[in-house]
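Visitor: I would like to go through this protein and ask what stands behind each label. Please set the values against the definitions.

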Amino acid sequence: MPEKMQIPLFDLTRQYAQLRNEVLEVVDEVLSDGRVILGPWVERFERELASYLGVKHVVGVANGSDALVIALQSLGIQPGEKVVTTPYTFFATASCIVRNNAIPVFVDVDANTYNIDLNQVERILKNDPSVKVVIPVHLFGRTVEPNELIYLKERYGVKILEDAAQSIGSEGKLQERIVKSGTFGDVGIFSFFPTKNLGAYGDAGAIVTNDDEIAQTCRMLRQHGAKEKYFHEMVGYNSRLDSIHAAILLVKLKHLDNWTARRIEIAKKYGELFEKLKLPIKYPKVEEKGYRYHVFHQYVVEFETNEQRERVRKHLTQSGIGTALYYPLPLHLQKCFAHLGYKEGDLPISERLSKTTLALPIFPELTDEEIETVVKTISEVL
């Protein structure tokens with residue numbers, strides 16, 4: 001294997017080279033000011049992100065995983081109540097349920113979007129009134145259908161916690177209004193892990209909502225359950241957004257829409273090349289809908305078999321091209337959830353995707369020549 005990938009899956013250094021002066025300037029301002037936990041930089045970031053998203057409240061927290069735990073708790077989930085979510089996602093989507101002493105109920109994904117199958121969710125809601133919350137994941141940057149989610153909320157009285165960790169800036173249509181992912185449920189969360197479309201230089205996250213009470217609860221929970229220091233109304237967490245991360249995110253937020261546009265261009269370029277070569281690959285097609293339904297946090301393709309996927313992955317790695325498996329083992333088959341009683345074959349689409357999908361390089365600074373090299377290298381196997 002090459003010591004360093006010639007075409008990495010993601011390259012933070014190229015972005016930093018462009019932003020270096022801006023980033024160093026705001027870091028110096030934060031450190032010169034001396035207020036490095038919460039404070040004015042965090043408040044400003046919360047305001048500007050709220051404006052960007054079109055939402056009333058943003059609550060900055062330490063990371064996306066904490067955001068999920070706190071957001072779910074803010075919905076009043078009780079021990080033993082059930083929460084429906086997808087098994088084809090990052091672990092934190094389900095661990096937040098267990099950490100709130102609730103019970104995960106896994107539902108398979110749609111074979112085309114890879115997002116949770118809302119028809120299957122409805123079948124569960126019809127038969128099980130103990131389900132109190134649904135956590136849809138806007139996976140890889142693709143928005144879950146807003147109208148269908150709000151229908152489930154209104155029809156069955158469930159709360160909606162949107163896991164928008166991978167989808168900042170993605171959009172959907174709610175009736176005739178274009179809305180951003182994370183903003184149309186009861187509460188939503190974002191991760192600003194460094195590789196995200198909007199990333200800090202360390203762990204960071206946010207909770208967003210239009211509900212005043214939820215926002216107040218989240219603000220208390222992120223700071224040991226206290227509105228006022230040393231006076232605790234509940235047992236909370238130490239999960240505060242650092243000022244340095246907030247300042248860096250403010251710099252990056254100005255560039256987010258341009259970066260998103262480039263990610264969509266890259267996805268189109270991949271698609272054109274795959275179509276031209278007629279390779280036996282299922283790839284995400286870029287549709288013209290008049291809004292950004294997909295922001296391509298990851299560009300994930302699907303092969304016909306696991307053997308084919310592994311041959312391609314090995315050849316790409318040997319050629320110095322980065323890839324990743326999202327996700328190699330669905331959550332319902334993880335050892336820590338064995339007590340839930342799921343077995344192989346229960347959620348076949350998620351299980352198939354874990355064996356046949358592969359994430360290819362995508363980040364705004366990726367060049368067209370590099371995209372062509374990736375596709376050419378895949379074609380050498382197929």
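**Labels and cut-offs**

Visitor: Why is Gln298 called buried?

Guide: Gln298 has 9% relative accessibility. Buried means under 20% relative accessible area, exposed over 50%, and partly exposed in between (1.4 Å probe, protein chains only). Gln298 therefore counts as buried. This is a predicted model: local features need pLDDT of at least 70, side-chain atom pairs count only at pLDDT 80 or more, and totals for chains, interfaces and linings use all residues. Residues are numbered from 1 along each chain as its sequence is written, and side-chain values use heavy atoms, with hydrogens and water left out.

Visitor: Where is Gln298 found, and what does Gln298 touch?

Guide: Gln298 sits in the loop between helix H9 (256-277) and E12. Helices (H or I, at least four residues) and strands (E, at least two) are DSSP runs, numbered from the N terminus. Leaving aside residues up to four places away in sequence, Gln298 touches Phe140, Tyr326, Ala359 and Ile362. Contact means heavy atoms within 4.5 Å.

Visitor: Which residues of helix H11 are buried, and what do they pack against?

Guide: In H11 (residues 348-356), the buried ones are Ile349, Ser350, Glu351, Leu353, Ser354 and Thr356. The buried residues of H11 pack against strand E12 (299-302), helix H10 (306-318) and strand E13 (357-360).

Visitor: How many helices and strands does the protein have?

Guide: The protein has 12 helices and 13 strands.

Visitor: What makes the protein as compact as a globular protein of its length?

Guide: The radius of gyration is 21 Å, close to the 21 Å that the globule rule gives for 382 residues, so the protein is as compact as a globular protein of that length. The radius is taken over C-alpha atoms, and the rule is 2.2 Å times the number of residues to the power 0.38. Buried residues make up 57% of the 382 residues.

Visitor: What is called a pocket here, and what volume does the largest pocket have?

Guide: On a 1 Å grid over the protein atoms alone, a pocket is an open set of points where a 1.4 Å probe fits, with protein on both sides within 12 Å along at least five of seven lines. The largest pocket has a volume of about 500 Å³, the space filled by probe spheres set on the points.

Visitor: Which residues lie nearest the centre of the largest pocket?

Guide: Phe90, Gln166, Ser191, Phe193 and Lys196 do, out of 29 lining residues. Lining residues have an atom within 4 Å of a point. H3 gives the most to this lining, with 3 residues.
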